[in-house]
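Morning, everyone. I have one structure to walk through today. Here it is.

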Amino acid sequence: MTTARGKRLFCFGYGFSACALGALLGPDGWTLAGTCRTPEGCRALAEQGVEAVPFSREAPLPDPVQKLAGATHVLLSIPPDAEGDPALDRHGAAIAAIEGLEWVGYLSTTGVYGDTGGAWVDESATPAPTGARSERRVEAERSWLALGEDHGLAVHVFRLAGIYGPGRNALAAVKRGTAKRIARPGQVFSRIHVADIAQVLAASIAKPRAGAIYNVCDDEPAPAADVVEHACNLLGVAPLPLTPLKEADLSPMARSFYADNRRVSNARIKSELGVTLRYPNYRAGLSALLAEEAGSLSA
C-alpha cells in the first residue's frame with residue numbers, strides 16, 4: 001500500500017463503501033474527509049474522526065478549492081440524478097485543479113452491463129443498460145473518464161455488484177422479517193462484501209492506472225433465493241417459502257433488480273491488482289458476519 005505520510009482521502013458521499021475504505025486506511029495514518037447531506041450524517045462522520053463536509057447538488061461546497069486542498073485521493077460514490085452527476089457538475093473543475101492529486105475512483109455498478117441472459121461478462125463488454133438508473137451510470141462513467149483524459153488525472157471506474165456487509169445482509173433481513181425468496185428460474189446475481197470493496201480500492205490506490213475499469217464482485221454469482229435460504233439455515237430457522245416474481249410484493253426499484261440476468265467476471269482485480277477476496281462467495285461472507293455478530297454480543 002502507498003505510504004500514508006501526507007495522504008488525504010476526500011470522499012464525495014461518505015457512505016457504506018467509503019466508510020469501509022476509511023476504516024482500512026485510517027489506522028495507517030491517512031487523513032479522511034467526506035461529504036454528508038444532513039446534520040445527523042455529519043455528526044456521525046465527525047464521531048468517526050472524519051472531517052465532515054455538507055454537500056448536495058442544491059448546496060455545493062461554498063469554497064471547493066479550500067475544502068479540497070491537500071487531497072491526494074478522491075473517491076466518488078454519489079449516484080447520478082436525473083440532471084447528471086452532482087459532484088462532477090458542481091465541482092469537476094475544482095477536482096481537476098487539485099495539486100498533487102494521485103488517484104480518483106468512481107463507484108459505479110455492474111448494472112451497466114444490462115441483461116446477458118446469464119452469460120459471463122467482463123470489462124471489455126460494451127455497456128448495455130436496461131434501465132434509466134443504469135443509463136445514468138454509464139454517462140457518469142464516461143464523463144469522469146473524459147475529465148481524467150482532459151486533465152491528465154488517474155481516474156478509475158469500479159463497477160460494484162450487490163453490496164452486503166455488517167447490518168446490510170440477508171441475515172439481518174431474515175431477522176427483521178423483511179427477507180423474501182423470489183423465484184425467477186435461471187436468474188443469478190453477483191454480489192460483494194463491503195470489506196472486499198475496500199481492499200480492491202486500496203489495491204488500486206497502491207497501483208493506479210489511468211482509465212482503468214474494474215468489476216468488483218465475488219467468485220460465485222447465485223440466485224438471491226439461495227442466499228436467503230442459506231441465511232435461514234445459518235440462523236436455524238425454517239427457510240422462507242418461494243414466491244414467484246409476478247406474485248411478489250416488491251417496490252418498483254426492488255423489482256427492477258430482477259430484470260437482468262448476468263454473471264460478472266472478477267478476473268481483472270485478481271490478475272492486475274493481485275486481490276485475494278476475503279469472502280469469495282456468499283456462504284463465506286454470511287458465516288463471517290454471523291460470527292462477528294456473535295463475538296460482539298459476547299464481548
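Start with the helix α4: Pro86, Ala87, Leu88, His91, Gly92, Ala94, Ile95 and Ala96 are buried in it, meaning under 20% relative accessible area with a 1.4 Å probe, protein chains only. That is eight of the 11 residues in α4, residues 86–96. Helices here are DSSP runs of H or I, at least four residues, and strands are runs of E, at least two, numbered from the N terminus.

A word on the source. This is a predicted model: local features need pLDDT of at least 70, side-chain atom pairs count only at pLDDT 80 or more, and totals for chains, interfaces and linings use all residues. Residues are numbered from 1 along each chain as its sequence is written, and side-chain values use heavy atoms, with hydrogens and water left out.

What do the buried residues of α4 pack against? They pack against β1 (8–12), α3 (64–68), β4 (73–76) and α5 (132–151), with contact meaning heavy atoms within 4.5 Å.

Now the rings. Five aromatic pairs are counted, with ring centres of Phe, Tyr or Trp (its six-membered ring) within 6.5 Å; planes under 30 degrees apart are stacked, over 60 edge-to-face, the rest tilted. Phe10 and Phe12 sit 5.1 Å apart, centre to centre, with planes at 55°, so this pair is tilted. Phe12 also pairs with Phe55, edge-to-face, at 5.4 Å and 80°. Phe10 is buried at 0%, Phe12 at 0%, and Phe55 at 4%. Together, ring pairs link Phe10, Phe12 and Phe55 into a cluster.

Methods. Buried < 20%, exposed > 50% of the residue type's maximum accessible area, 1.4 Å probe, protein only.
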